Amino acid sequence: MSTSALKKTRKHYIYGMLFCIIFALIYEIFSHSVISYAMVLSFLWPMLGGVLLYTLLMKAPPRLHPTVAAALLYNSGIVLFTLGSVFQGVLEIYGTTNRLQKIYVIAGAFFLMSGILSYVLQTLFCREDA
């Protein structure tokens, strides 16, 4: 990925982080002050996994930039963890549970690890030309 693509992805993560913060605040207002830490802290996934990581990658040399496939896998994992956190927060505020919550964790971990493995393999064995 080029530096401009990294900047664009980081910008999308910033928007996602702000959306999570605003959504949690509005949801808390309409939930009669019932708080779910899963929802309140859902902004941490895009902030730490997206904004922070892509800021560090922008400062790295171009040969260490991820391929598009690695970035898409990783981004899918972060999105699944964020959605899972919001979903868990909605269920906690409602006062129930659902066995489908585990799907977000399993799928998110699979995509996140796939993206990280793809990135590690790419940096170890390929990519002299980027």
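Me: How do the residues of the lining of the largest cavity divide into nonpolar, polar and charged?

Reply: Rolling a probe the size of a water molecule over the atoms shows where empty space is left. On a 1 Å grid over the protein atoms alone, a cavity is a set of points where a 1.4 Å probe fits but cannot get out, with lining residues having an atom within 4 Å of a point. Here the lining divides into six nonpolar residues, one polar and one charged. Ala24, Glu28, Val34, Ile35, Ser36, Met39, Val40 and Ile93 form this lining. The elements giving two or more residues to it are α1 and α2 (37–40). The model is predicted: local features need pLDDT of at least 70, side-chain atom pairs count only at pLDDT 80 or more, and totals for chains, interfaces and linings use all residues. Residues are numbered from 1 along each chain as its sequence is written, and side-chain values use heavy atoms, leaving out hydrogens and water.

Me: What volume does the largest cavity have?

Reply: A volume is the space filled by probe spheres set on the grid points, which are joined across faces, edges and corners. The value for the largest cavity is about 40 Å³.

Me: How many helices and strands has the protein?

Reply: Helices (H or I, at least four residues) and strands (E, at least two) are DSSP runs, numbered from the N terminus. The protein has five helices and zero strands.

Me: How far does helix α4 reach from its first C-alpha to its last?

Reply: The expected span is 1.5 Å times one less than the number of residues. Helix α4 (residues 68–94), with 27 residues, reaches 38 Å, close to the expected 39 Å. Gly95, whose phi is positive, near 95 degrees, follows α4.

Note on methods. 1 Å grid on protein atoms, 1.4 Å probe; cavity = no way out; pocket = protein on both sides within 12 Å on 5 of 7 lines; lining within 4 Å. Nonpolar A, V, L, I, M, F, W, Y, C, P; charged D, E, K, R; others polar.
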